[in-house]
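Biologist: Could you walk me through this fold, one piece at a time? I would like to see how each answer is reached.

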Amino acid sequence: MDRSPVPLSPGVPAPPSVPFPTVAVVGLGTMGTGLCEVLARAGREVVGIDVSDAAARACAAALERATDRAVARGRLTEGARAGVLARLRTFPDLRAAADADLVIEVVPESYELKERVIAELDGIVRPGAVLATGTNALSVTRLAASSARPERVLGLHFFTPVQAMRLVEVVSSVLTEPAAVAQVTALVRELGKEPVAVGDRPGFIADGLLFGYLNQAAAMYESRYATREDIDAAMKLGCGLPMGPLELLDLIGVDTARTVLEAMYAASQDRLHAPAPVLGQLAAAGLTGRKAGRGFYAYEAPGSGTAVPDAAPAAAPRGVPPRPVGEIGVAGSGTMAGGIAEVCARAGYAVTLAARGTAKAAAAKARIAASLDRSVARGRLGAADRDAALARISAAGALDALGGAGLVVEAVAEDLAVKRQLFAALDAVARPGAVLATTTSSLPVIACATATSRPEDVVGMHFFNPAQVMKLVEVVRTVRTADDAHATVREVCGRLGKHAVECGDRAGFIVNALLFPYLNNAVKMVQEHYASPDDIDAAMKLGGGYPMGPFELLDVVGLDVSLAIERVLHREFRDPGLAPAPLLEHLVAAGCLGRKTGRGFREYATAAR
């Protein structure tokens, strides 16, 4: 192909006043194909470039299918569809970008490849054209330095699927011309996306937080601390995430994730970013996730999102019969204790709630009655079922009332001394063979167990708040927990309608061990003046599909609670990367604890009561 300008397809072009009427996309994989669709539907003339004829054909076919669906759903007319299809042309050579106003490269994450593409484009595109790299891991500054026009090179990080994900990180280097950033930002907004301006560091905002979390999940799986299914279920049910971390690694690509982490580790030297060995092992074996048909999970076919059972699943352990449980005791009178008592009563168990004094016990039962009334008012519970559940709950002012329970669940303050004192008291009043469970979210279960004369009967049973709503329970067995005690808790979880995940007795269990380092790293980003809480929250909600941003969540959980959990994780694992961010410690010292005090990372009109 010669270097003469490429004749573009007929169609309805973008008005001359809009930014970048002609855009070239280099690399027609999943990301490039999505970009071509979004740009063509926004009225741009699109030049798709890929050395693979198969990739180019697949890109055009994908656009045909997408626009066909849009017509069928009444979102696009046949005439408009024809215009969209006409605006895309594909070519095998970079010289096709000669007349482009903007070139976006989304070739594989390799410095050598990206630098070669950018250098070659230098000799092809017009002087005023902007070159954008779609990297999510490599240094935009280094890539810009490979160009003869570094002031016109920037990062433009879209998220997959491009058609649906609203976040775009606009990445400037120290060399980038502000006018180029302004033009690109205007285009992003016109595409219906939310631009977030960020500086040049590996991972930027979203991936900078996301990939450390994914790496920890891979390491957790590799150490056999929990199964892949339990890790994924814990994060979906415990945090409301749209996908579990190992499912997400398979979607992103195990090899891609490892490349991102390598770049992050090279910059940070943080062990949390050092790729888990299992990522390298899977990548070396070609088990790169969905695109290969197998990664952490196996799939129906390469490119399929439907997981299938492994070819040779591990043999299930021989079942141990649970102990009989007719009555459940709950020690405590707070929100969690009341929620657990309500859930157990609604599942048909007789429940005894023991508080410190009859007044606290009566108040706890009154709160349960109010909660049941709200369920009736919302149509989630019948009046007769409400009355039956409330009748199953007995409130008592002393622990002696728990003597007949087959399972006793403590739900008192997250203080090891308080819990050990309670377990010593339960040891004296609970009947022989009763299972004793702690709801701790961060303290060692074995420390509670050794406060009793029967550590084999003690297990962790970590409910999530509100217990009436959240489906997850982390079932934690210690090195002393008996098989039948463990089986008892799992059976009770099933009857309660909860999803039980199993893990060992170490700080944070599954959810908090993955969640709180992510939150801590978000605080470090603000502390280092890399991004604002608003931008970080927007990035994780729009780019990661998170129901809440990290700073919204920190303010809800409580900064003091978050700091306490961070300290426990740091003390347990001795990893410098887990040390609480100084900014978090300063806010707690200043009494800025989040919504409950009216001020945390943000200010609130009134403190939560």
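Modeller: Helices (H or I, at least four residues) and strands (E, at least two) are DSSP runs, numbered from the N terminus. This is a predicted model, in which local features need pLDDT of at least 70 and side-chain atom pairs count only at pLDDT 80 or more, while totals for chains, interfaces and linings use all residues. Residues are numbered from 1 along each chain as its sequence is written, and side-chain values use heavy atoms, with hydrogens and water left out.

Biologist: Over how many bridges do strand S16 and strand S17 pair, and in which sense?

Modeller: S16 covers residues 458-463 and S17 covers residues 472-477. Phe-463 stands opposite Val-473 in S17. The two strands pair over 4 bridges, and the sense is antiparallel.

Biologist: Which strands stand at the edges of the open sheet?

Modeller: The sheet has 8 strands with mixed pairing, in the order S13-S12-S11-S14-S15-S16-S17-S18. Each edge strand has a single partner, so one side of it is left without a neighbour in the sheet. The edge strands are S13 (393-396) and S18 (499-504).

Biologist: What angle does the direction of helix H17 make with that of S17?

Modeller: Axes are lines fitted to C-alpha atoms, for helices over the stretch in contact, and angles run from 0 to 180 degrees between N-to-C directions. Neighbouring strands of this sheet are turned by 25° against each other on average, direction ignored. H17 (residues 483-496) packs on the sheet, with strands S11, S14, S15, S16, S17 and S18 in contact (heavy atoms within 4.5 Å). With S17, the direction of H17 makes an angle of about 175°.

Biologist: How many of the 17 residues of helix H18 are buried?

Modeller: Buried means under 20% relative accessible area, exposed over 50%, and partly exposed in between (1.4 Å probe, protein chains only). H18 is largely enclosed by the rest of the structure, because its buried residues number 16 of the 17.

Biologist: How are H7 and H18 arranged, roughly parallel or roughly antiparallel?

Modeller: The axes of H7 (residues 206-222) and H18 come within 9 Å and cross at roughly 155°. Angles under 35 degrees count as roughly parallel, over 145 as roughly antiparallel, 65 to 115 as roughly perpendicular and the rest as oblique. Contact residues include Tyr-213 and Met-220 of H7, and Pro-517 and Asn-521 of H18. H7 is therefore roughly antiparallel to H18.

Biologist: Which residues of H10 meet H7?

Modeller: H7 and H10 (residues 254-268) have axes that come within 10 Å and cross at roughly 110°. That makes H7 roughly perpendicular to H10. From H7 come Asp-207, Gly-208, Phe-211, Gly-212 and Asn-215, and they meet Ala-257, Val-260, Leu-261 and Met-264 in H10.

Biologist: Which residues of H19 does H18 meet?

Modeller: H18 and H19 (residues 533-544) pack at about 140° with axes 9 Å apart. That makes H18 oblique to H19. Tyr-518, Ala-522, Met-525 and Val-526 in H18 meet Pro-533, Ile-536 and Met-540 in H19.

Biologist: Is Arg-224 buried or exposed?

Modeller: Arg-224 lies in the loop between H7 and helix H8 (228-239). Its phi is positive, about 65°, although it is not a glycine. With a relative accessible area of 77%, Arg-224 is exposed.

Biologist: Last one: with which residues is Ala-197 in contact, leaving aside its neighbours within four places in sequence?

Modeller: Ala-197 is in strand S8 (residues 194-199). At 60% relative accessibility, Ala-197 counts as exposed. Its contacts, with those neighbours left aside, are Val-170 and Asp-535.

Technical notes
Pairing = 2+ DSSP bridges.
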